[in-house]
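Dear colleague,

A summary of the findings follows it.

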Amino acid sequence: MQRSDLRADLGLVLRPLSAADAGRYHRVVQANRAHLTQFGNYEEEVAGTERDFAEGFATPGHRYGIWRGGELIGRIDLVAVDPPRYGFGFWLAAHATGCGYATAAGAALLAHARDELGASDVYAGVTHGNDRSVAVLRRLGFQPIVDFDDYTRFHRPLAGV
Ligand SMILES: CC(C)(COP(=O)(O)OP(=O)(O)OC[C@H]1O[C@@H](n2cnc3c(N)ncnc32)[C@H](O)[C@@H]1OP(=O)(O)O)[C@@H](O)C(=O)NCCC(=O)NCCS
């Protein structure tokens with residue numbers, strides 16, 4: 001466990017994604033193409049090459065691999081859209097769903113956002129029909145604030161919580 005890793009419940013570790021993870025990350029994305037694109041999202045992710053990911057992960061950001069034991073089972077991000085306001089995104093490999101891992105990873109990253117980054121607000125957009133993602137956000141204390149044609153924007157205040 002490195003200093004910048006975050007521990008989450010259920011034995012998970014969130015580890016900053018680095019260029020060294022690109023090959024493994026690419027393989028997990030490719031193995032989950034249909035799962036990731038089922039609501040029309042992540043098209044760019046499944047088109048990404050190992051080299052694209054190596055270059056992307058080498059730039060500054062708050063991107064974490066979700067690790068269970070020695071296995072990369074997903075990804076969770078804070079996006080510095082307008083600090084102290086951040087965007088939030090996450091996915092799990094299909095075989096790792098149904099165990100509470102996204103909620104556990106999300107709780108750890110929100111605590112980090114509040115305590116270490118001084119985040120005041122976190123926002124997430126969910127495509128209509130993605131009920132499992134909505135359930136994760138609701139368990140994490142997000143509320144819907146705006147409905148657009150394709151998606152709903154959710155908000156979680158962190159300041160003073
Ligand atoms: C969205 C996504 C991460 C949700 O995954 P998920 O497994 O449903 O969410 P969690 O990991 O929080 O697990 C919750 C489930 O685990 C169950 N669970 C089992 N053991 C648990 C435990 N110890 N603690 C908590 N929940 C547990 C819960 O009951 C719940 O199951 P249910 O939905 O049947 O009630 C996943 O569907 C996904 O990767 N989708 C594709 C990508 C995507 O859409 N990302 C979001 C974009 S906004």
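A polar side-chain atom of Thr103 lies 2.5 Å from an oxygen atom of the ligand, a polar contact being a pair of N or O atoms within 3.5 Å. Taken alone, the ligand exposes 950 Å², of which the protein buries 70% (Shrake-Rupley areas, 1.4 Å probe). There are 19 residues around the ligand, and those coming nearest are Phe90, Gly98, Ala102, Thr103 and Asn130 (a heavy atom within 4 Å).

Please note that this is a predicted model, in which local features need pLDDT of at least 70 and side-chain atom pairs count only at pLDDT 80 or more, while totals for chains, interfaces and linings use all residues. Residues are numbered from 1 along each chain as its sequence is written, and side-chain values use heavy atoms, with hydrogens and water left out.

The largest nonpolar core has 32 residues, and Leu14, Ile66, Ile76, Phe88, Leu109, Leu137 and Phe142 have the most contacts inside it. Such a core joins buried Ala, Val, Leu, Ile, Met, Phe, Trp, Tyr and Cys residues through side-chain atoms within 4.5 Å, buried meaning under 20% relative accessible area with a 1.4 Å probe, protein chains only. Helix H5 supplies the largest share of this core, 8 residues (helices are DSSP runs of H or I, at least four residues). A second, separate core of 13 residues includes Leu17, Val28, Phe53 and Phe57.

Yours sincerely

Key. Buried < 20%, exposed > 50% of the residue type's maximum accessible area, 1.4 Å probe, protein only. Helix = DSSP H or I, 4+ residues; strand = E, 2+ residues; numbered from the N terminus. Polar contact = N/O pair within 3.5 Å; in protein donor to acceptor, adjacent residues only side chain to side chain.
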